[in-house]
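User: I am new to this structure and would like to learn how to read it. Could you take me through it feature by feature?

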Amino acid sequence: MTKIVSFFTTLALIISYILGLGASTASEGYELAENKKLPSTVSMFSGQGLCYDGENFYSSGSLTFMNFTGLAKFDENMNCIKRKSNAVPKEFYEQYGSNHIGGIDCANGYIYAPVEGNIDGEGYLYDFILLYDCETLEYTGTYYDMTSEYLTDGIPWCATDRENGYLYTSKFDDVTEILQYDLETMSFIKAIPLDEKLDRIQGGSVYKGILYLSYDVSDSTTEQVLAVDLANGSVSVEFTRYLPNYDNEAEDICVYPLPDGTLFHIVDYDKLITANINHYKPVSE
């Protein structure tokens, strides 16, 4: 029965993709400005993370069943300029089982990539942030071991605060605090308690002192963008997103104002090896 359901579900997804059935929408003062479906050959490099440095978008992708990790570089219109296969160096995979890049961010000419691995069994026990050159997408040789009592099962995302020199991250599930690090040295500063527990946090981005998080609601067509006040840990819903395909997985978020008025740029992965980059803009009152 499971195989039959899986077959018809997959068939429905394919038909929906081909015909373009349904449309992503938003509520609470935002609207979808553009949905960019990336080709499957590019989506492999783009199904996890997204960031923007003021000139180019950068993405990350992981296919753990084949130990594939990749990075890609795009222009402002999401035209792919460069791709990098096997982004996680071989030595990390061999020593730690590192086979997953999560939600990335960039600062000072570098991509900050959270990399997870576990060579001993299930779950992610070894957590790193690797730095890559924004120009070439090559690994710089600089990495930081983020494994700690706070990150006990992976490092799914990171967000840089370029203005103030911080980096933020958290666990994926049972998130009760946001972790703050010094961006230059990656030394731990403090844990910021949240006023409510969060789950399934896939990405983050800092804009005007607020940390915005991508919340992937399990088995639902509704996803949320959450806003965290880093001064006091209060959590609120910035806006709700509706995705017509229930099997979509909300991934990373990038918050950056573009000339076309869009502000929120979010990766959604539809399980057909197709990454969708959805651009949202505030609704004018």
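This is a predicted model: local features need pLDDT of at least 70, side-chain atom pairs count only at pLDDT 80 or more; totals for chains, interfaces and linings use all residues.

User: How many helices and strands does the protein chain have?

Analyst: The protein chain has three helices and 22 strands. Of its 285 residues, 49% count as buried. The chain exposes about 12900 Å², and 49% of that area comes from carbon and sulfur atoms. Among contacts with a separation of 6 or more, 50% are between residues 24 or more positions apart.

User: Which residues touch the most other members of the largest nonpolar core?

Analyst: That core has 18 residues, and Tyr58, Ile101, Ile104, Ile111 and Tyr132 touch the most other members. Helix H3 (90-96), strand E9 (110-117) and strand E10 (126-133) each supply at least two of its residues. Another core, of 17 residues, lies apart from it; Tyr52, Phe57, Ala72 and Ile277 are among its members.

User: What is Ile101 in contact with, leaving aside its neighbours within four places in sequence?

Analyst: With those neighbours left aside, the contacts of Ile101 include Gln48, Ser60, Leu71, Val88 and Val115.

User: Now a single residue. Is His265 buried or exposed?

Analyst: His265 counts as buried because its relative accessible area is 0%, and the cut-off for buried is under 20%. His265 sits in strand E21 (residues 264-269). The His265 side chain reaches the backbone oxygen of Tyr256 at 2.8 Å. Beyond its neighbours within four places in sequence, His265 is in contact with residues including Leu50, Phe57, Asp252, Asn278 and His279.

User: How many salt bridges does a search of the whole structure find?

Analyst: Side chains of opposite charge can pair when their charged atoms come close. The search finds nine salt bridges in this structure. One of them joins the side chains of Lys281 and Glu31, at 3.9 Å from N to O. Lys281 is in strand E22 (residues 275-282) and Glu31 in strand E2 (residues 30-37), so this pair links distant parts of the chain, 250 residues apart. Lys281 is partly exposed at 25% relative accessibility, and Glu31 is partly exposed at 35%.

User: Which residues are linked in a network of salt bridges?

Analyst: Asp174, Lys197 and Asp199 are linked in that way. Between Asp199 and Lys197, the closest N and O atoms are 3.0 Å apart. Asp199 is partly exposed, with a relative accessible area of 26%, and Lys197 is partly exposed at 46%.

Technical notes. Residues are numbered from 1 along each chain as its sequence is written. Side-chain values use heavy atoms; hydrogens and water are left out. Helices (H or I, at least four residues) and strands (E, at least two) are DSSP runs, numbered from the N terminus. Buried means under 20% relative accessible area, exposed over 50%, partly exposed in between (1.4 Å probe, protein chains only). A polar contact is a pair of N or O atoms within 3.5 Å; within protein, one must be able to donate a hydrogen and the other to accept it, and residues adjacent in sequence count only if both atoms are side-chain atoms. Contact means heavy atoms within 4.5 Å. A nonpolar core is a set of buried Ala, Val, Leu, Ile, Met, Phe, Trp, Tyr and Cys residues joined through side-chain atoms within 4.5 Å. Accessible areas come from the Shrake-Rupley method with a 1.4 Å probe; for residues, only the protein chains shown count as cover. A salt bridge is a side-chain nitrogen of Lys or Arg within 4 Å of a carboxyl oxygen of Asp or Glu.
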